[in-house]
Amino acid sequence: MFESCADPKSIEGLSWLLCYLTTGKHLDFYWSFVTVLTLLAITAPVALAFGFAGAMAARSHFLPLSLIGKGYTAMVRGVPDIVFFLFFVIALDQGIEWLNHQVQCPDWTEPIRKGLEFRVCPEAKVPLNSAPQSVHKAYGFALAVVTFALVFGAFAANVLYGAMLAVPRAQLETAEAYGMSHRQVFRRILVPQMWVYALPGLSNLWMILIKATPLLFLLGVQDVVYWARELGGAKTSAYEYPHPDWRLWYFLFLLVFYLAFTKLSEKVLNRVSARLSKGQATAAGEALRKAGA
Amino acid sequence: MKKLMLATALMALTAGAGLAQTVRMGTEGAYPPYNFINDKGEVDGFERELGDTLCAKAGLTCEWVTTDWDSIIPNLQSGNYDTIIAGMSITEERDKVIDFTQNYIPPAASSYLALTADAKIGEGAVIAAQVGTIQAGYIAESGATLLEFATPDETVAAVKNGEADAVFADKDYLAPIAAESGGALVLLAEEVQLGGGVGMGLRESDTELKEKFNAAIQSMKDDGSLNAMIKKWFGDEAAVF
């Protein structure tokens, strides 16, 4: 990065460290933090949407829909994350390629599955073999987002389902007495009031989601843990910056990052909780009212 | 509008399909000097140079991909890349599930690295090896206790912190580590010949690609450039063809 770093063997001390910390590989490491944060920023709302849809389906009066909603939460919640992450992503990836294969190469005669091999025609590969590496990475990242959202959406669905049931029945009855339709009650009374009941569960999920990001590595996305391990490992002079085993320092850095991030999240969530409790017929809402008076 | 967008997306996906064949080369990137990720964040090492040369000879465009050693064969089979070029020894067991080109490194010695030259190996000793390697298979059958790790680097770390009595791996990987440890780590005298050399792994159905690489490797063997490359990366004492 800097000109003085051209010959790392000849520099020492602080300037060596500065050069070391700005190698291309370290920049990849720093980028991986952005990757993780982006994943969180995209996954959280998508998972919430999945959860909302799941909860709405589960409490539907239409039996098949309710079965779908309940089945979704039961399935995903019952399967260990790691199994889901290993199995589902491969299935999704191959499913997409299989569908694409049917569209693109209808007269392909060779079998797609042959022993352990999975082989679609070259035009049906997603992304194409000739696509630049960045496209492959983006595709892998998208698969990761979908998988995370699906898993955490199932948990969110259960939390939201519980929260919807927790809204006092009297509130809904009053709304009905005013002549509101089912939909209006749901939109105007139930949803605005349920968040305060859902928040503790959702904040738990958010914390778990933050800590689950190292699972990204399982999905082939090079995340912070991958780079910490790769950079921290002992390096011989095959590398420009040889050093002994420094994994401890890299993992300490990750520890600080995750602690700081969860702490910040806690603060934000506490604020949101206070805001949602305003005017609610709950103990927290009552406490707010007394403090204000 | 939706249809239009779909059509554009499909066009973007299919465009370029007619261009020269792109081969994705899968490697581990954690096994210097065979393959490693250099300080610029690129794949480097003997196999990078060899792979690029082979691709140039065979007229292929090559793209490098790194992956976990553990899942390197399943990922090849499911088509995430087209070749494995990761210091993988040719063994009967692997040959049952994938195909190999002819070897590009002759059968070479595996050896032990330990804290002292008289460290115990064999019966009763704890030996570290990377999971899924021929060395791990050898230790499992030797009567010693096998301690497996996901990356080569972790196997060496296990010896340094006393978790294992010795680490068993390719000598070419361990030798530079011993040489640069300042006497803290030593190579034991005992050496074992394992496997049929290192070759490139391909899907069994990819016979055409295999022939292309076989021909390219053969031409490098014939003109001596392969031997020169081996000596450049593994030192003058390395086994050559």
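**Entry 1: domains of chain B**

I looked up the contact between the two domains of chain B and found that 10 residues of domain 1 touch 12 residues of domain 2; two residues are in contact if their C-beta atoms, placed from the backbone, lie within 7 Å. The model is predicted, so I note that local features need pLDDT of at least 70, that side-chain atom pairs count only at pLDDT 80 or more, and that totals for chains, interfaces and linings use all residues. Residues are numbered from 1 along each chain as its sequence is written, while chains are lettered from A and ligands numbered from 1 in the order in which they are written.

On its side of this contact, domain 1 of chain B has six nonpolar, three polar and one charged residues. Here Ala, Val, Leu, Ile, Met, Phe, Trp, Tyr, Cys and Pro count as nonpolar, Asp, Glu, Lys and Arg as charged, and the others, Gly among them, as polar. I recorded domain 1 of chain B as 2-106 + 196-234 and domain 2 as 109-193; the bounds come from an automatic or database domain assignment. Their centres, taken over C-alpha atoms, are separated by 28 Å.

**Entry 2: chain A against chain B**

I then examined the contact between the chains, to which chain B gives 31 residues and chain A 30 residues. On the chain B side, the elements that give two or more residues are helices H1 (2-14), H6 (152-160) and H7 (171-179) and strands S1 (22-27) and S3 (35-37). Helices (H or I, at least four residues) and strands (E, at least two) are DSSP runs, numbered from the N terminus. H6(B) gives the most, with four residues. By class, I found 12 nonpolar, 10 polar and nine charged residues on this side of chain B.

**Entry 3: a helix pair in chain A**

I checked H8(A) (residues 224-232) and H9(A) (residues 247-277), which pack at an angle of about 155° with axes 8 Å apart. Axes are lines fitted to C-alpha atoms, for helices over the stretch in contact, and angles run from 0 to 180 degrees between N-to-C directions. H8(A) and H9(A) are therefore roughly antiparallel (over 145 degrees). Residues making the contact include A:Val225 and A:Leu231 of H8(A) and A:Trp249 and A:Phe251 of H9(A). The contact residues divide into eight nonpolar, one polar and two charged.

**Entry 4: a sheet in chain B**

I traced an open sheet of three strands in chain B, with the order S2-S3-S4 and antiparallel pairing; strands pair if DSSP finds at least two bridges between them. Strands S2 (30-31) and S4 (43-44) of chain B stand at the edges, each with a single partner strand, so one side of each lacks a neighbour in the sheet. I noted B:Tyr31 opposite B:Asn35 in S3(B).

Technical notes. Angles under 35 degrees count as roughly parallel, over 145 as roughly antiparallel, 65 to 115 as roughly perpendicular and the rest as oblique.
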